[in-house]
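Reader: Please walk me through the structure below. I would like to go from the overall layout to a few local details.

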Amino acid sequence: MSAALTLLYVPADRPDRVAKALRSTADVVLVDLEDAVAPARKAEARVNAVELLAAAERRVQVRINHVSTPWHADDLAALAGLPPEVGARIPKVESAGEIRALAAALPGRELHPLIESALGVEGALDIATASPQVASLGLGEADLRSDLGVTDDAGLTWARSRIVVAARAARLVPPVMSAYTNVRDLDGLAASCRAGRALGFRGRTAIHPSQLDTIRAAFRPSEQEVERAREVLARLDDATAAGVGAIALADGTFLDVAMIEGARTVLALAGE
């Protein structure tokens, strides 16, 4: 299965938009029962999600409401009736106990916890390793900004790196970035994606289909990166065949394990 670089949120109370999202180029569709849906429309949204996803033939996750809300139990019941391939996106997770409870309620289903508070950030590794059903770890930055009282990206740098480190330590896929909320600012989105990629994120959630191409382009390797990755692995193959231990590229750079693994990741992202 190819890497999921683009994940598109869509509110479940808008069945027309859900249907459109399911036809989009997004790698994963995130059907939202939580923040994007007003309290008065939660039940309607849940019914829509069940009807539209009963036979979905693509990667889908459903973001449910938190355990502290009056909608959580019904969300779980609805999700339990969907195909097992439909993942559960879990908001505002602060403890491993929450994940273990969800794993028991949704056996065999992938769980995708979102960290959205200082307490959640501090417990990121415990959350990531709470159950074998945890498939990814994510950051919900709007709530985290409010919790921390920060007003710019600099205040989130440590939390972002913490999530990247926790996901890696738990042997999960690299986390995807939180949504960029200005859907008209594609240049800003691209710059933000490049900064996130440098921190170790791979991919991003989107709130509008117009953001998908920009996100995909920012996280896919450039042709120069692909060529260098090919050279790294070709040199490795040649050296292995010749029984040579020390391997250097044409520019004199000696290879190490990290560069070799990085080259394999680049080619995987490029679809090779």
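Author: Happy to! A term to begin with: buried means under 20% relative accessible area, exposed means over 50%, and partly exposed lies in between (1.4 Å probe, protein chains only). This is a predicted model, so local features need pLDDT of at least 70 and side-chain atom pairs count only at pLDDT 80 or more, while totals for chains, interfaces and linings use all residues. Residues are numbered from 1 along each chain as its sequence is written, and side-chain values use heavy atoms, with hydrogens and water left out.

Reader: What separates the centres of domain 1 and domain 2?

Author: The assignment (bounds come from an automatic or database domain assignment) places domain 1 at 6-219 and domain 2 at 223-270. Taken over C-alpha atoms, the centres of the two domains are separated by 34 Å.

Reader: Where does Lys 92 lie, and what does Lys 92 count as at 25% relative accessibility?

Author: Helices (H or I, at least four residues) and strands (E, at least two) are DSSP runs, numbered from the N terminus. On that scheme Lys 92 sits in the loop between β4 and α4. Its relative accessibility is 25%, and therefore Lys 92 counts as partly exposed.

Reader: How many salt bridges does a search of the whole structure find?

Author: A salt bridge here is a side-chain nitrogen of Lys or Arg within 4 Å of a carboxyl oxygen of Asp or Glu. With that rule, the search of the whole structure gives a total of 15.

Reader: How many residues apart are Lys 92 and Glu 34, which form a salt bridge?

Author: The closest N and O atoms of Lys 92 and Glu 34 are 2.5 Å apart. The pair links distant parts of the chain, with Lys 92 in the loop between β4 (87-90) and α4 (96-105), Glu 34 in the loop between β2 (28-32) and α2 (42-53), and a sequence separation of 58 residues.

Reader: Which residues do salt bridges that share partners join into one network?

Author: Asp 35 also forms a salt bridge with Lys 92, the closest N and O atoms being 3.7 Å apart. Asp 143 and Lys 92 meet in another, at 3.3 Å from N to O. Asp 143 lies in helix α7 (residues 141-148) and Lys 92 in the loop between β4 and α4, so this pair ties together parts that are 51 residues apart in sequence. The network built from shared partners consists of Asp 32, Glu 34, Asp 35, Arg 63, Lys 92 and Asp 143.

Reader: Where does Arg 171 lie, and is Arg 171 buried or exposed?

Author: Arg 171 is not a glycine either, and has a positive phi of about 60°. Its place is the loop between α8 (157-169) and α9. With 63% relative accessibility, Arg 171 counts as exposed.

Reader: At what angle do helix α9 and helix α10 pack?

Author: Axes are lines fitted to C-alpha atoms, for helices over the stretch in contact, and angles run from 0 to 180 degrees between N-to-C directions. For helix α9 (residues 186-199) and helix α10 (residues 212-219), the axes are 9 Å apart and the packing angle is about 35°.

Reader: Which residues of α10 make the contact with α9?

Author: Contact means heavy atoms within 4.5 Å. From α9 come Leu 186, Leu 189, Ala 190, Cys 193 and Arg 197, and from α10 come Thr 214, Ile 215, Ala 218 and Phe 219.

Reader: Which residues in α2 meet those in α1?

Author: The axes of helix α1 (residues 15-22) and α2 come within 10 Å and cross at roughly 35°. On the α1 side are Pro 15, Val 18 and Leu 22, and on the α2 side are Asn 48, Leu 52 and Leu 53.
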